[in-house]
Amino acid sequence: MTGTESTGAGTPGGARFESIDEVRDGLAAVGYVADERIAGVVYLADRLEKPVLVEGPAGTGKTQLAKSVAEMAGSRLIRLQCYEGLDEAKALYEWNYRKQLLRIQAEQSASSWEELEADIFSEAFLLTRPLLEAIRSDEPVVLLVDEIDRVELETEALLLEVLSEYQVSIPELGTVEARQIPMVFLTSNNTRELSEALKRRCLYLHVDYPDLAREREIVRSRVPGISEELADQVARIVRSLRSLELRKPPSVAETLDWARTLVVLGIESVDAAAAKDTLHVLLKYHQDIERAAKELLAADA
Amino acid sequence: MLDLLSGFVGELRAAGLPVSLTEHLDAARAVHHVPMEDREALKAALGATLVKSGAHWGAFETAFEVYFSPRSPARAPGGEGGGEEDAPAPPFSFDERAAAAAGTPGAGGGTEPMSAAELAALLMRVMRQGDRGLGAAVARHAVDRYAAIEPGRPVGGTYYLYRTLRNLDLDGLLDQLLAEAGTDEALTALESRLLADEYRARIAALRKAIEAEIRRRLVLDRGAAALARSVRRALPEDVDVMHANREELAALHRTLHPLSRKLAVRLGRKRRHHRRGPLDFRATMRASLSTGGVPVEPRFRHPRPSKPEIFVIADISGSVASFARFTLELVYAISTQFSKVRSFVFVDGIDEVTQVFEQADDPATAVRRITTDADVVWLDGHSDYGHAFSEFDRRWGEQVTSRATVLVLGDARNNYHASGAWVLRELQRQARHVYWLNPEPRQYWGSGDSIVDEYAVHCDAVVECRTLRQLERFVTELA
């Protein structure tokens, strides 16, 4: 019975997209500018039914990628935010023991222990947490495991069964297999090395700061009402800033904030004064702002 | 294709990437799903399945360029190109445009080498317009003209690259363009700066194109596997710090920053979670309320173990300077994990530089300033461990307490001076631990004027520390 179920689940899961170009165009339609690599990996993840581990500096659109894929595929997004101390009860499932207690008290005299046990360890008393929910869902879902590097090395092991077999074993209930294969994205800010076992089960995608052309595209697609010249200028200034040795180079998210600020202020073209006044949107350290002002705007001041 | 893939995986493994059998199988499955003629998609597929770390991407890219280099008929004259192997880029149009742009009469293709003047003119055009196709054409012609590739020589192409670049004089060109950008009255300072960065990016792109072109020809000449062996480079964490060239040092620097952050997080966690403290009675009682007063889940206090105090004593004489800098930078980057870090540098005299680190914004700048600020030369500027150690003992010896861990960095090449090993014996008696980090390969220890064995008897351990990987392992155990 389990065999038929898993093959049945395998067939429809594997073909959400026709081609790499379709992925890229689809992502562009929901406002995510993907390069060749990102689109290729998303396409493969669908075809090979494998999770994607997305790594890269903060604010380069790792989480947004999962959201956009969900939006493009018309799937529900289930999100598991990781933190230190995350455990089985928060990630997989938990028995609703208060309800179980009530159940036992409600029929103190009635049935035998065996019946009761079978009853209180049934699905009615199960609290599903994100991972189990993603597996049990009937409609297509995208599972996002955010900032996986925040959990301890040992906790990672919780994920392994879900990621490779798409199933969850519950001792009292048996194995819950996936009704459909969800697309899984794991993001990491690279604050520690993830275990080999986890990496082996995933496709790996390193998302770095975009190049000039792609950043310009991103600005144009995410910031409504921005002129082409301004977008170009923004992208070029940000590239120059990233080439300086800053404590925290501006992320894509900050670039977008900056571009929006400029649009709201009605600035048509960035000159030194405008840049100086708005630089704090882009850079978050005092030394960085001083340094950028000195390097980029010195002669005009 | 599968053979090619196996060869490629073998090459990655030889370069030091950990590619497991599962990953190899995944890659084989993945290539079925991408169109073969799409080189970028192939690269994405192989990269996603075989490379599981951002730091290894560079090594992967090099190997990929060699194994899956576009064998486009760049040298073929206009008509014959159609019969060549899979070419992702349409090569002829570039050639024609290039020829037209340079004003070559009778543009039949790239067979006849351009004159130096024509090439220079074309190069200037590329720089001003930033046309990628044209850039590729320039790269091709430049390699034709200057690289003088000798068939069959087992080299990696660095020399050809050097020869081509020297003739093109890209640095000179950049200076010229920058000067123009700087003096143009119509531009504001911001604009000229942006323009300068744009030129820099174009030059870098051209350099890359030339490199790829040379590599492509070498592959045609000698085959992928042979060339891959020649161009293979060590991963950043495996580079020998003492013998790293400028480019490798820059790569090391880039790795150092995330590494130190990772170490700090890992050490912090280890400290908090490694041991359980005593039972926290109050918290346990509080938690028991939700289970009807039965203490189901005992709570424990988190232990706060004391952090070690670190004394770094580093030899910064020429031969080991870069190693000392790296280690100091790393130690300071994770200094929150230690209760106190004090650092001393010496050649034949010794000076304390803790101040320099405390005043600077970040360790990197401090490390740069050490060389100028510290007063480390006593007589002749040749390493004299004996004198430096006895000075240390005289001036700061009493401050080393039983909470301190002493790290000595150096190759212990003492130029046949007195060893002063008694200082280390004293230090070992006072301090909790004394470690010696030696950046030399173990087999050279004790050869020539190296007297590391004499010091070793007074150290808790002497550690060979040639690469970042070894350094990382040591620091993890230290804290």
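Colleague: To begin with β5(B), which residue there is the bridge partner of L409(B)?

Modeller: The partner of L409(B) in β5(B) is L437(B). Please note that this is a predicted model, in which local features need pLDDT of at least 70, side-chain atom pairs count only at pLDDT 80 or more, and totals for chains, interfaces and linings use all residues. Residues are numbered from 1 along each chain as its sequence is written, while chains are lettered from A and ligands numbered from 1 in the order in which they are written.

Colleague: How many bridges join β4(B) to β5(B)?

Modeller: There are 5 bridges between β4(B) and β5 (residues 433-438) of chain B, and the two strands run parallel. Two strands pair if DSSP finds at least two bridges between them. Helices (H or I, at least four residues) and strands (E, at least two) are DSSP runs, numbered from the N terminus.

Colleague: And which residue of β4(B) is the bridge partner of A314(B)?

Modeller: L409(B) is the bridge partner of A314(B). Strand β1 (residues 309-315) of chain B pairs with β4(B) in the parallel sense, over 6 bridges.

Colleague: Why is β4(B) described as largely enclosed?

Modeller: In β4 (residues 404-409) of chain B, 5 of the 6 residues are buried, so the rest of the structure largely encloses this strand. A residue is buried if 20 or more other C-beta atoms lie within 10 Å of its own, exposed if 12 or fewer, and partly exposed in between, with C-beta atoms placed from the backbone.

Colleague: What is the strand order in that open sheet of chain B?

Modeller: The order of its 6 strands is β3-β2-β1-β4-β5-β6 (chain B), with mixed pairing. At the edges stand β3 (350-352) and β6 (461-464) of chain B, each with a single partner strand, so one side of each has no neighbour in the sheet.

Colleague: In which sense do β2(B) and β3(B) pair, parallel or antiparallel?

Modeller: Strand β2 (residues 340-346) of chain B pairs with β3(B) in the antiparallel sense, over 3 bridges. Within this pair, V345(B) stands opposite D351(B).

Colleague: Turning to chain A, what is the order of its open sheet of 5 strands?

Modeller: That order is β2-β5-β8-β1-β9 (chain A), with parallel pairing. Its edge strands are β2 (76-81) and β9 (203-206) of chain A. Strand β1 (residues 52-55) of chain A is joined to β9(A) by 4 bridges, and L53(A) has Y204(A) as its bridge partner.

Colleague: Which residues of α11(A) are buried?

Modeller: In helix α11 (residues 212-222) of chain A, they are E215(A), R216(A), I218(A) and V219(A). Seen down the axis of α11(A), they fall within an arc of 160°, so they line one face of the helix; the arc is that of the directions from the helix axis to the C-beta atoms. Their cover includes α12 (228-243) and α13 (252-264) of chain A.

Colleague: How many residues does each chain give to the contact?

Modeller: Chain A gives 34 residues and chain B gives 33 residues, where two residues are in contact if their C-beta atoms, placed from the backbone, lie within 7 Å. On the side of chain A that touches chain B, the largest share, 7 residues, comes from α3(A).
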